[in-house]
Amino acid sequence: MRAMVLDRPGAPLELREMPRPEPAAGQLRIRVEACGVCRTDLHILDGELSEPKLPLVPGHEIVGRVDACGPGVAGLAEGQRVGVPWLGHACGQCAYCRMGRENLCDAPLFTGYTMDGGYAEYCLAHTDFVFPLADEMDPVASAPLLCAGLIGYRSLSRAGDNLRTIGLYGFGAAAHILCQIAIWQGRRVLAFTRDGDTAAQDFARRLGAAWAGGSSEDAPEELDAAIIFAPVGELVPKALKSVCKGGRVVCGGIHMSDIPGFPYADLWMEREIVSVANLTRHDGAAFFPLAHAAGVETRTTPYALDQANTALKDLRQGRVQGAAVLVP
Ligand SMILES: [Zn+2]
Ligand SMILES: [Zn+2]
């Protein structure tokens with residue numbers, strides 16, 4: 001099979017011929033139909049996430065069809081369409097797993113980070129951690145749901161209750177999905193983009209955002225919560241100033257530049273700053289029906305597998321509206 005491989009952080013991915021992986025007990029081999037390109041992939045390539053499996057096939061927003069089942073696999077047949085998310089495996093035994101917080105597992109495996117992912121024609125996945133997807137779903141359009149969508153959903157569920165007005169900082173793949181869901185739920189969405197990115201601001205307004213502007217601008221109204229997807233630590237104190245008493249600032253990314261100091265008065269009145277880590281299978285069970293009910297339409301830019309470096313570069317430079325998706 002063809003795969004795009006990372007040999008060491010800082011190097012570009014290399015197109016390589018590799019043997020098709022053989023599924024072990026409890027695993028599936030999946031023929032990849034589409035794989036989204038996530039900002040986390042950039043953090044892995046840049047060495048900001050330490051100790052990846054090397055060499056590594058990145059990619060954790062995988063949509064494909066079951067191609068072969070390892071020993072002991074039940075309930076999924078060859079040809080079934082599935083989605084593979086970032087959480088590739090959790091131990092099921094640590095304190096976090098036992099309390100239903102497998103996103104915090106002490107011994108997790110992450111797709112496209114500590115196990116090979118979907119920048120390839122085939123990949124392996126642990127059967128218990130894939131999501132069955134409907135046949136009629138479009139693979140390219142669905143790929144961004146597997147991380148951008150799920151993490152956005154988890155970020156919103158961590159943002160508090162009774163949210164009327166939310167601010168989304170960074171209007172890329174995650175925000176463009178979450179914006180549609182939040183508006184469908186009857187909330188007001190304020191979109192903060194890179195300063196001067198009028199294309200992203202227009203995009204946000206077309207998706208129904210009540211206001212869109214640059215992230216250095218002050219929020220035009222008080223926010224009940226802010227969700228930060230941009231990997232920019234300066235946005236945390238900025239967003240904190242915009243949330244109401246008791247309001248939360250949710251950091252949705254896996255990596256962020258350092259957060260500058262700020263006066264305690266900005267946190268006072270039970271404002272909170274929280275992070276979101278990974279996902280649980282329960283998130284998937286809740287999110288996919290919600291995305292379907294809300295009629296979420298993703299905006300995607302497809303790239304051929306061997307164009308992965310171009311896709312990553314475009315994402316880094318903010319040239320992708322919506323989500324970049326590799327199509328092997
Ligand atoms: Zn665990
Ligand atoms: Zn991701």
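Predicted model: local features only at pLDDT ≥ 70, side-chain atom pairs only at ≥ 80, totals over all residues.
Me: How is a pair of packed helices described in general?
Reply: By the angle between the two axes and the distance between them. For α4 and α5, the axes come within 8 Å, and the crossing is right-handed.

Me: Which residues make the contact between α4 and α5?
Reply: From α4 come Ala148, Gly149, Ile151, Gly152 and Leu156, while α5 brings Ala173, Ala174, Ala175, Ile177, Leu178 and Ala182. By kind, the contact of α4 with α5 has 9 nonpolar residues, 2 polar and no charged. Gly counts as polar here, and Gly149 and Gly152 are among the contact residues.

Me: Why is Met269 called exposed?
Reply: Count its neighbours: Met269 has 11 C-beta neighbours inside 10 Å. The cut-off for exposed is 12 or fewer, so Met269 counts as exposed. You will find Met269 in the loop between α8 (264–267) and β15 (272–275).

Me: And how do you know that Glu270 counts as exposed?
Reply: The reasoning runs the same way, because Glu270 has 9 C-beta neighbours inside 10 Å, and 12 or fewer makes a residue exposed. Glu270 also lies in the loop between α8 and β15.

Me: Which kind of peptide bond joins Leu54 and Pro55?
Reply: A cis one, with omega about -10°. Most peptide bonds are trans. Pro55 sits in the loop between α1 and β4 (62–69).

Me: How is the chain divided into domains?
Reply: The domain assignment gives domain 1 (2–145 + 298–327) and domain 2 (150–275). Their C-alpha centres lie 27 Å apart. The contact takes 14 residues from domain 1 and 13 residues from domain 2.

Me: Which element gives the most to the side of domain 1 that touches domain 2?
Reply: Helix α1 (residues 39–45), with 3 residues. That side of domain 1 divides into 5 nonpolar, 6 polar and 3 charged residues.

Methods
Residues numbered from 1 in each chain as written. Chains lettered and ligands numbered in written order. Domains from an automatic or database assignment. Contact = placed C-beta atoms within 7 Å. Helix = DSSP H or I, 4+ residues; strand = E, 2+ residues; numbered from the N terminus. Buried ≥ 20, exposed ≤ 12 C-beta atoms within 10 Å, placed from the backbone. Axes fitted to C-alpha atoms, helices over the stretch in contact; angles between N-to-C directions. Left-handed = near helix turned anticlockwise from the far one by under 90°.
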